[in-house]
Amino acid sequence: MTSEGKPRALDVAELTAPGDVPSADVVEMAHRRRRHQDRIAGTVRGLPPEETVTADGSDAIAALVLGTAITVQISDEQSPLMRQALQHGRTWSEIATATGLTPDQARAAYTAWADTLDDSDRAEALDLAG
(Lines give C-alpha, C1' and ligand atoms only; values in the text may rest on other atoms or scores of the structure.)
Protein backbone atom coordinates (compact mmCIF):
# COMPACT_ATOMS: atom_id res chain seq x y z
CA MET A 1 0.00 0.00 0.00
CA THR A 2 1.15 3.50 -0.66
CA SER A 3 0.30 6.92 0.58
CA GLU A 4 -0.03 9.55 -2.17
CA GLY A 5 2.11 7.42 -4.47
CA LYS A 6 4.88 7.06 -1.91
CA PRO A 7 5.60 3.83 -0.05
CA ARG A 8 4.85 3.95 3.66
CA ALA A 9 7.69 3.50 6.11
CA LEU A 10 6.37 0.08 7.12
CA ASP A 11 6.38 -1.10 3.50
CA VAL A 12 10.06 -0.32 2.93
CA ALA A 13 11.55 -1.01 6.35
CA GLU A 14 14.02 -3.87 6.67
CA LEU A 15 12.71 -5.84 9.63
CA THR A 16 15.26 -7.81 11.63
CA ALA A 17 14.27 -6.82 15.19
CA PRO A 18 11.14 -5.38 16.82
CA GLY A 19 12.81 -1.97 17.08
CA ASP A 20 12.96 -1.84 13.26
CA VAL A 21 9.17 -1.61 12.96
CA PRO A 22 8.13 2.00 12.26
CA SER A 23 5.05 3.40 13.93
CA ALA A 24 2.03 1.65 12.43
CA ASP A 25 -1.30 0.33 13.58
CA VAL A 26 -1.87 -3.35 14.22
CA VAL A 27 -3.87 -3.82 11.01
CA GLU A 28 -1.05 -2.45 8.86
CA MET A 29 1.47 -4.68 10.63
CA ALA A 30 -0.81 -7.69 10.21
CA HIS A 31 -1.13 -7.02 6.46
CA ARG A 32 2.63 -6.80 6.03
CA ARG A 33 3.06 -9.97 8.11
CA ARG A 34 0.53 -11.77 5.89
CA ARG A 35 2.53 -10.71 2.79
CA HIS A 36 5.67 -12.28 4.27
CA GLN A 37 3.76 -15.43 5.19
CA ASP A 38 2.34 -15.61 1.66
CA ARG A 39 5.85 -15.31 0.22
CA ILE A 40 7.01 -18.15 2.48
CA ALA A 41 4.07 -20.27 1.30
CA GLY A 42 4.64 -19.24 -2.31
CA THR A 43 1.14 -17.86 -2.61
CA VAL A 44 1.37 -14.14 -3.15
CA ARG A 45 -2.06 -12.66 -3.76
CA GLY A 46 -2.59 -10.90 -7.05
CA LEU A 47 -0.07 -12.96 -9.01
CA PRO A 48 -1.15 -15.54 -11.57
CA PRO A 49 -0.65 -19.12 -10.35
CA GLU A 50 2.10 -19.74 -12.90
CA GLU A 51 4.24 -16.98 -11.37
CA THR A 52 6.09 -18.03 -8.28
CA VAL A 53 7.77 -15.99 -5.61
CA THR A 54 10.82 -17.31 -3.88
CA ALA A 55 11.03 -16.36 -0.26
CA ASP A 56 14.23 -16.28 1.69
CA GLY A 57 14.93 -16.37 5.41
CA SER A 58 14.31 -12.63 5.68
CA ASP A 59 10.59 -13.22 5.12
CA ALA A 60 10.45 -15.58 8.10
CA ILE A 61 12.40 -13.13 10.28
CA ALA A 62 10.20 -10.21 9.19
CA ALA A 63 7.05 -12.22 9.97
CA LEU A 64 8.43 -13.06 13.42
CA VAL A 65 9.41 -9.41 14.05
CA LEU A 66 5.95 -8.20 13.05
CA GLY A 67 4.27 -10.82 15.23
CA THR A 68 6.29 -9.58 18.19
CA ALA A 69 5.52 -5.93 17.41
CA ILE A 70 1.80 -6.72 17.13
CA THR A 71 1.84 -8.54 20.47
CA VAL A 72 3.61 -5.64 22.18
CA GLN A 73 1.23 -3.05 20.76
CA ILE A 74 -1.85 -5.04 21.75
CA SER A 75 -0.40 -5.55 25.22
CA ASP A 76 0.22 -1.80 25.54
CA GLU A 77 -3.43 -1.14 24.66
CA GLN A 78 -4.86 -3.69 27.11
CA SER A 79 -4.87 -1.66 30.33
CA PRO A 80 -6.28 1.55 28.81
CA LEU A 81 -9.09 -0.56 27.38
CA MET A 82 -9.69 -2.09 30.81
CA ARG A 83 -9.95 1.46 32.14
CA GLN A 84 -12.57 2.32 29.53
CA ALA A 85 -14.52 -0.83 30.38
CA LEU A 86 -14.47 0.10 34.07
CA GLN A 87 -15.56 3.67 33.25
CA HIS A 88 -18.56 2.16 31.46
CA GLY A 89 -19.55 0.06 34.45
CA ARG A 90 -18.11 -3.31 33.41
CA THR A 91 -17.05 -5.75 36.11
CA TRP A 92 -13.72 -7.44 36.74
CA SER A 93 -15.40 -10.72 35.91
CA GLU A 94 -16.39 -9.41 32.47
CA ILE A 95 -12.94 -7.93 31.89
CA ALA A 96 -11.31 -11.18 32.98
CA THR A 97 -13.43 -13.19 30.56
CA ALA A 98 -12.54 -10.79 27.74
CA THR A 99 -8.81 -11.01 28.46
CA GLY A 100 -8.54 -14.70 29.29
CA LEU A 101 -7.39 -13.90 32.82
CA THR A 102 -8.87 -14.43 36.23
CA PRO A 103 -10.47 -11.36 37.82
CA ASP A 104 -7.52 -11.13 40.25
CA GLN A 105 -4.97 -11.34 37.42
CA ALA A 106 -6.80 -8.69 35.38
CA ARG A 107 -7.03 -6.36 38.35
CA ALA A 108 -3.34 -6.90 39.21
CA ALA A 109 -2.26 -6.13 35.62
CA TYR A 110 -4.45 -3.03 35.56
CA THR A 111 -3.22 -1.83 38.96
CA ALA A 112 0.43 -2.30 37.94
CA TRP A 113 -0.25 -0.19 34.84
CA ALA A 114 -2.13 2.44 36.87
CA ASP A 115 0.88 2.78 39.18
CA THR A 116 2.92 4.02 36.18
CA LEU A 117 0.57 6.95 35.50
CA ASP A 118 1.03 10.52 36.71
CA ASP A 119 -0.57 11.43 40.03
CA SER A 120 -4.00 12.62 38.88
CA ASP A 121 -4.46 9.83 36.33
CA ARG A 122 -3.18 7.24 38.84
CA ALA A 123 -5.71 8.30 41.46
CA GLU A 124 -8.61 8.09 39.01
CA ALA A 125 -7.44 4.75 37.57
CA LEU A 126 -6.94 3.20 40.99
CA ASP A 127 -10.32 4.49 42.12
CA LEU A 128 -11.89 2.65 39.18
CA ALA A 129 -10.07 -0.56 40.21
CA GLY A 130 -12.17 -0.64 43.33
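**Salt bridges and a helix pair**

In this predicted model, Arg34 has a relative accessible area of 38% and is therefore partly exposed. Its salt-bridge partner is Asp38, with the closest N and O atoms 3.4 Å apart. Asp38, by contrast, is buried, at a relative accessible area of 7%. Both Arg34 and Asp38 belong to helix H2, where four residues, about one turn of the helix, separate them.

Salt bridges number nine in the model. One of them joins the side chains of Arg35 and Asp11, at 3.2 Å from N to O. This pair connects distant parts of the chain, since Arg35 sits in helix H2 (residues 26-41) and Asp11 in helix H1 (residues 9-12), 24 residues apart. Arg35 is partly exposed at 36% relative accessibility, while Asp11, at 19%, counts as buried. Arg35 and Asp11 also take part in a network of salt bridges with Arg8 and Glu28.

Another salt bridge brings together the side chains of Glu124 and Arg83, with an N to O distance of 3.3 Å. Here too distant parts of the chain are linked: Glu124 is in helix H6 and Arg83 in helix H3 (residues 57-87), 41 residues apart. Glu124 is partly exposed, with a relative accessible area of 38%, and Arg83 is buried, with 13%.

Helix H6 (residues 119-129) also meets helix H5 (residues 103-114): their axes come within 9 Å and cross at roughly 165 degrees. The two helices are therefore roughly antiparallel to each other, and H5 passes H6 in a left-handed crossing. Residues making the contact include Tyr110 and Trp113 of H5, and Leu126 and Leu128 of H6. By class, the contact comprises seven nonpolar, one polar and two charged residues.

Terms used. Residues numbered from 1 in each chain as written. Predicted model: local features only at pLDDT ≥ 70, side-chain atom pairs only at ≥ 80, totals over all residues. Heavy atoms only, no water. Axes fitted to C-alpha atoms, helices over the stretch in contact; angles between N-to-C directions. Parallel < 35°, antiparallel > 145°, perpendicular 65-115°, else oblique. Left-handed = near helix turned anticlockwise from the far one by under 90°. Contact = heavy atoms within 4.5 Å. Nonpolar A, V, L, I, M, F, W, Y, C, P; charged D, E, K, R; others polar. Salt bridge = Lys/Arg side-chain N within 4 Å of Asp/Glu carboxyl O. Buried < 20%, exposed > 50% of the residue type's maximum accessible area, 1.4 Å probe, protein only.
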